[in-house]
Amino acid sequence: MQPSAAGVSAAVGGDGAAAASPRAVLGLDVGGTKLAAGVVDATGAVSSFVVAPTHASRGPGDGVARLFDLARRAVEESGLEWGQIDALGIGCGGPLDDERGVLIAPPHLPGWTDVPLTELAEQEFDRRAVLANDATAAAAGEHRFGAGRGLDIVVYLTISTGVGGGAVVHGRLYRGATGNGAELGHVTVDCNGRRCPGCGRAGCLEAYVSGTSIAARAREALAGSDGTSTLAAIGDVAAADVAAAARDGDALALAVWDATTAMLACGVVSIVNVFEPDVVIVGGGVSRAGEQLLAPVREAVRTAAMSPAGRAARIVASPLGDRVGVVGAAAIAYERAAEVAAAR
Ligand SMILES: [Zn+2]
């Protein structure tokens with residue numbers, strides 16, 4: 001259940017005392033379109049935060065080199081010395097092997113196959129490094145520093161290009177058998193439904209509520225419409241356009257948005273029934289719609305989830321926002337350090 005300490009025991013650099021209580025760690029977030037890096041202290045305070053485009057198609061050699069350049073910039077801008085940085089945490093979309101610290105074949109990074117990211121980072125920075133699924137890391141970040149602080153059962157759902165999930169169960173990060181568990185975006189909401197762009201199966205939550213899927217469903221609705229929707233004037237409709245037009249009362253956008261929140265509610269009710277969480281925290285770009293997205297989901301959970309789970313679960317927006325990837329990666333590094341200290 002808990003992350004293995006294998007990656008830490010094989011680590012280089014840092015003495016035992018530093019590993020027991022890191023002063024600050026470097027969090028790195030490897031996304032399909034952007035890289036992010038930041039320095040995060042043990043209270044969750046972020047002293048620097050920098051981003052750069054991933055340019056994933058240029059391959060892992062170029063991408064990893066620029067990730068490490070960004071990491072150096074984050075430390076420079078933090079005002080801290082390298083001697084105060086005790087470890088690195090790296091979050092990336094799966095599938096990955098968190099024990100060996102290897103990216104296996106993430107679909108958002110085509111060609112980044114079997115990249116030993118942890119080993120490369122340890123060689124580059126002479127500090128221990130740990131790798132985790134980005135949504136799992138985000139769940140750890142929310143549990144340690146965000147809306148899940150002090151809670152026992154925490155579910156995190158990120159809704160952006162795809163849909164990812166992570167969970168903390170009885171205060172411990174849930175990783176599944178091999179570090180790829182809690183793939184909540186692939187909970188089925190219609191087993192005869194749309195093809196899921198992430199896994200190819202029919203009717204996953206991701207096939208309806210990801211930014212990509214909201215935009216695709218809006219384009220399909222426009223193709224069969226009379227052209228009176230305000231979305232018809234937009235060249236390349238994005239999920240944020242659909243949300244904005246729905247707020248303005250556009251009938252086609254409202255229909256697409258209401259179908260989105262209905263499918264999200266369907267998925268979250270199932271998730272609440274499985275976990276009976278204290279809180280479901282929703283992050284990612286699509287969550288910027290705020291209560292327009294969350295209010296219908298909250299109401300569905302209250303009325304449709306099994307009692308008492310539905311009454312107990314709070315549904316909230318991520319307070320960590322755009323920094324959740326970096327803060328989550330840092331939380332993973334703190335978590336591993338605590339495990340190493342506990343094992344001594
Ligand atoms: Zn899927």
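I call a residue buried under 20% relative accessible area, exposed over 50% and partly exposed in between, with a 1.4 Å probe and protein chains only. By that rule Arg 100 is exposed, at 57% relative accessibility.

**Ground rules.** I am working on a predicted model, in which local features need pLDDT of at least 70 and side-chain atom pairs count only at pLDDT 80 or more, while totals for chains, interfaces and linings use all residues. Residues are numbered from 1 along each chain as its sequence is written, and side-chain values use heavy atoms, with hydrogens and water left out.

**Zinc site.** I looked up the donors first. I took as donors N, O and S atoms within 2.8 Å of the metal (3.2 Å for Na, K and Ca); water is not among the atoms, so sites may look incomplete. The zinc ion is held by ND1 of His 186 and by the SG atoms of Cys 196, Cys 199 and Cys 204, at 2.0 to 2.4 Å. The angles among the four donor atoms run from 103 to 116°, and the site is tetrahedral. For four donors that label requires all angles to lie between 85 and 135 degrees. Along the sequence I read the donor spacing as H-x9-C-x2-C-x4-C. His 186 and Cys 204 both lie in the loop between β10 (172–174) and α6 (206–209), 18 residues apart. Helices (H or I, at least four residues) and strands (E, at least two) are DSSP runs, numbered from the N terminus. I noted His 186 as partly exposed at 21% relative accessible area, whereas Cys 204 is buried at 0%.

**Sheet.** Next I traced the strands. Five of them form an open mixed sheet in the order β10-β9-β8-β11-β12. Strands β10 and β12 (314–317) are the edges, each pairing on one side only. The twist averages 20° from one strand to the next. I counted two strands as paired if DSSP finds at least two bridges between them. Strands β8 (residues 153–159) and β9 (residues 163–169) run antiparallel and are joined by seven bridges. Leu 157 has Gly 165 in β9 as its bridge partner. Helix α10 (residues 291–304) packs on the sheet and touches β8, β11 (279–283) and β12, its direction making about 170° with that of β12. Axes are lines fitted to C-alpha atoms, for helices over the stretch in contact, and angles run from 0 to 180 degrees between N-to-C directions.

**Arg 217.** This residue sits in helix α7 (residues 211–223) and is buried, at 10% relative accessible area. Neighbours within four places in sequence aside, Arg 217 is in contact (heavy atoms within 4.5 Å) with Arg 194, Tyr 208, Val 256, Ala 259 and Thr 260.

**Salt bridges.** I required a side-chain nitrogen of Lys or Arg within 4 Å of a carboxyl oxygen of Asp or Glu. The count by this rule is 14 salt bridges. Arg 100 pairs with Asp 97 at 3.0 Å, N to O. Asp 98 pairs with Arg 175, with the closest N and O atoms 2.5 Å apart. That pair links the loop between β5 (96–97) and β6 (102–103) to the loop between β10 and α6, across 77 residues. Asp 98 and Arg 175 are both buried. Asp 322 and Arg 288 also form a salt bridge, at 3.1 Å between the closest N and O atoms; both residues are exposed. My last entry is a network in which salt bridges that share partners join Asp 69, Arg 72 and Glu 124.

Definitions and conventions. Four donors count as tetrahedral if all angles lie between 85 and 135 degrees; four count as square planar and six as octahedral if opposite donors are over 155 degrees apart and all others between 65 and 115; anything else is irregular.
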